Amino acid sequence: TKRCQPADEKLAQLQTIGDWSPDAAARARPWADLALRSLVSTAELISGKGVRVVVLKPPVSWELRARLSKYRDLEGALGRLAEQLGSMPGVAYWDVTARDFSPPLDLVEDFSDTHHMREAAACRLSELLGRRLKATQ
């Protein structure tokens, strides 16, 4: 049988993936700004046609959320996005965290890396979203 990788080994491996330097963040900024503007424009267009829009900030592992918390401008930008979308008629912004699940999502069991969910966790997410959609109709 295949041995599961201990959480500390997996986390150490994940920390070597990607470029988390301030320079990399600065290079990504124009693309992130464009993506946010496009998202707002698309939500505005679709909701203007009478279609309900839900923008989802999906759950990521607590490790990735902790890593991203160093980038206060990212959280600030997402907060402004949530305010902007939340003020638009027919548009909702849902921030779904790993802790919204019972039991909470876990890196080793529920994610194949810091931000890609395994199938069982994705099914749990679908069920959670389905319940929220029905409750807010």
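## Terms and overall fold

In this report, a residue is called buried when its relative accessible area is under 20% and exposed when that area is over 50%, with partly exposed in between. The model described here is predicted.

The chain contains 6 helices and 2 strands. Read from the N terminus, its elements follow the order α-α-β-α-α-β-α-α. Of the 137 residues in the chain, 28% are buried.

## Helix H6

Helix H6 covers residues 119-135.

The buried residues of H6 are Ala121, Leu125, Leu128 and Leu129. They cover an arc of only 95° around the axis, which means that they lie on the same side of H6. An α-helix has 3.6 residues a turn, so residues three or four places apart point the same way. The face of H6 turned away from the buried side carries the exposed residues Glu119, Ala120, Arg131 and Lys134.

## The nonpolar core

The largest nonpolar core has 10 residues: Val40, Ala43, Val53, Val55, Leu78, Leu81, Leu85, Met88, Val91 and Tyr93. Two or more residues of this core come from each of H2, strand S1 (53-57), helix H4 (72-86) and strand S2 (91-95). H4 gives the most to this core, with 3 residues.

## Salt bridges

The structure holds 2 salt bridges. One joins Lys57 to Asp95, with the closest N and O atoms 3.7 Å apart. Because Lys57 lies in strand S1 and Asp95 in strand S2, this pair ties together parts that are 38 residues apart in sequence. Lys57 is buried, with a relative accessible area of 13%, whereas Asp95 is partly exposed at 34%.

Arg124 and Asp110 also meet through their side chains in a salt bridge, at 3.5 Å from N to O. Arg124 belongs to helix H6 and Asp110 to helix H5 (residues 107-110), so the pair ties together parts that are 14 residues apart in sequence. Arg124 is partly exposed, its relative accessible area being 22%, while Asp110 is buried, with a value of 9%.

Leu45 is placed in helix H2 (residues 22-48). With a relative accessible area of 55%, Leu45 is exposed, because the cut-off for that class is over 50%.

Methods
Residues are numbered from 1 along each chain as its sequence is written. This is a predicted model: local features need pLDDT of at least 70, side-chain atom pairs count only at pLDDT 80 or more; totals for chains, interfaces and linings use all residues. Side-chain values use heavy atoms; hydrogens and water are left out. Helices (H or I, at least four residues) and strands (E, at least two) are DSSP runs, numbered from the N terminus. Buried means under 20% relative accessible area, exposed over 50%, partly exposed in between (1.4 Å probe, protein chains only). The expected span of a helix is 1.5 Å times one less than its number of residues. The arc is that of the directions from the helix axis to the C-beta atoms. A nonpolar core is a set of buried Ala, Val, Leu, Ile, Met, Phe, Trp, Tyr and Cys residues joined through side-chain atoms within 4.5 Å. A salt bridge is a side-chain nitrogen of Lys or Arg within 4 Å of a carboxyl oxygen of Asp or Glu.
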